[in-house]
Amino acid sequence: MLNLIKLVVGVASLEELAARQKLPHNTRRIDGHAEPLPVVHTRSFPRQAETLLAGGSLYRVIGGLILCRQELRDIRTETREDGTNGTLLLLAPRIIPVEPRPMRPFQGWRYLNAADAPPDLTHAATTAPLPTTLLRELTQLGL
């Protein structure tokens with residue numbers, strides 16, 4: 001399985017990410033879904049889109065840590081207001097917390113093999129999320 005990984009800029013927590021994804025310019029309606037899906041705007045169209053759509057996810061880096069993933073539902077091209085072409089990554093609405101893992105900044109998105117992806121957190125629903133700064137410090141300490 002193949003995934004994508006992308007930085008989230010200007011967001012400090014998973015709650016903030018969830019709120020941002022509900023804004024009208026960050027959602028699109030597609031056939032077969034009653035509710036609009038969250039989208040991520042990006043410049044480049046992935047060459048391996050078919051492989052990504054066969055069960056892949058978009059992993060998100062917040063504050064220097066990979067903190068969550070969302071399943072990829074579709075990848076589409078879109079003409080922007082300025083006339084240039086862009087790409088929309090349509091995501092499942094559910095944000096799945098993953099085991100925090102440090103990640104250095106990079107531009108755009110990158111492919112992420114399933115073997116290199118952090119595992120999902122199974123206890124996330126029963127515990128309150130830790131602040132990103134505390135998660136980063138604990139991760140750097142190896143805890």
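A pocket is an open set of grid points with protein on both sides within 12 Å along at least five of seven lines, and its lining residues have an atom within 4 Å of a point. In this predicted model, the second largest pocket is lined by 13 residues. Arg-20, Asn-26, Val-39, Val-40 and Arg-60 lie nearest its centre. The second largest pocket holds about 210 Å³ of space.

Three elements each supply at least two residues of this lining: strand 1 (2-7), helix 1 (14-20) and strand 3 (37-42). Strand 3 gives the most, with three residues. By class, the lining of the second largest pocket comprises six nonpolar, four polar and three charged residues.

Salt bridges were searched for across the whole structure, and four were found. One of them joins Glu-78 to Arg-28, with the closest N and O atoms 2.9 Å apart. This pair links distant parts of the chain. Glu-78 belongs to strand 5 (residues 65-79), whereas Arg-28 belongs to strand 2 (residues 27-28), and the two are 50 residues apart. Glu-78 has a relative accessibility of 24%, so it counts as partly exposed. Arg-28 is likewise partly exposed, because its relative accessible area is 23%.

A further salt bridge forms between Arg-73 and Glu-71. Here the closest N and O atoms are 3.2 Å apart. Arg-73 is partly exposed, with a relative accessible area of 40%. Glu-71 is also partly exposed, at 29%. Arg-76 pairs with Asp-74 in another salt bridge, the closest N and O atoms lying 2.7 Å apart. The relative accessible area of Arg-76 is 36%, so this residue too is partly exposed.

The loop between helix 1 and strand 2 contains Lys-22. Lys-22 counts as exposed, because its relative accessibility is 68% and the cut-off for exposure is over 50%. Lys-22 and Leu-37 are 15 residues apart along the chain. Their C-alpha atoms are separated by 8.6 Å.

Technical notes
Residues numbered from 1 in each chain as written. Predicted model: local features only at pLDDT ≥ 70, side-chain atom pairs only at ≥ 80, totals over all residues. Heavy atoms only, no water. 1 Å grid on protein atoms, 1.4 Å probe; cavity = no way out; pocket = protein on both sides within 12 Å on 5 of 7 lines; lining within 4 Å. Points joined across faces, edges and corners; volume = space filled by probe spheres on them. Helix = DSSP H or I, 4+ residues; strand = E, 2+ residues; numbered from the N terminus. Nonpolar A, V, L, I, M, F, W, Y, C, P; charged D, E, K, R; others polar. Salt bridge = Lys/Arg side-chain N within 4 Å of Asp/Glu carboxyl O. Buried < 20%, exposed > 50% of the residue type's maximum accessible area, 1.4 Å probe, protein only.
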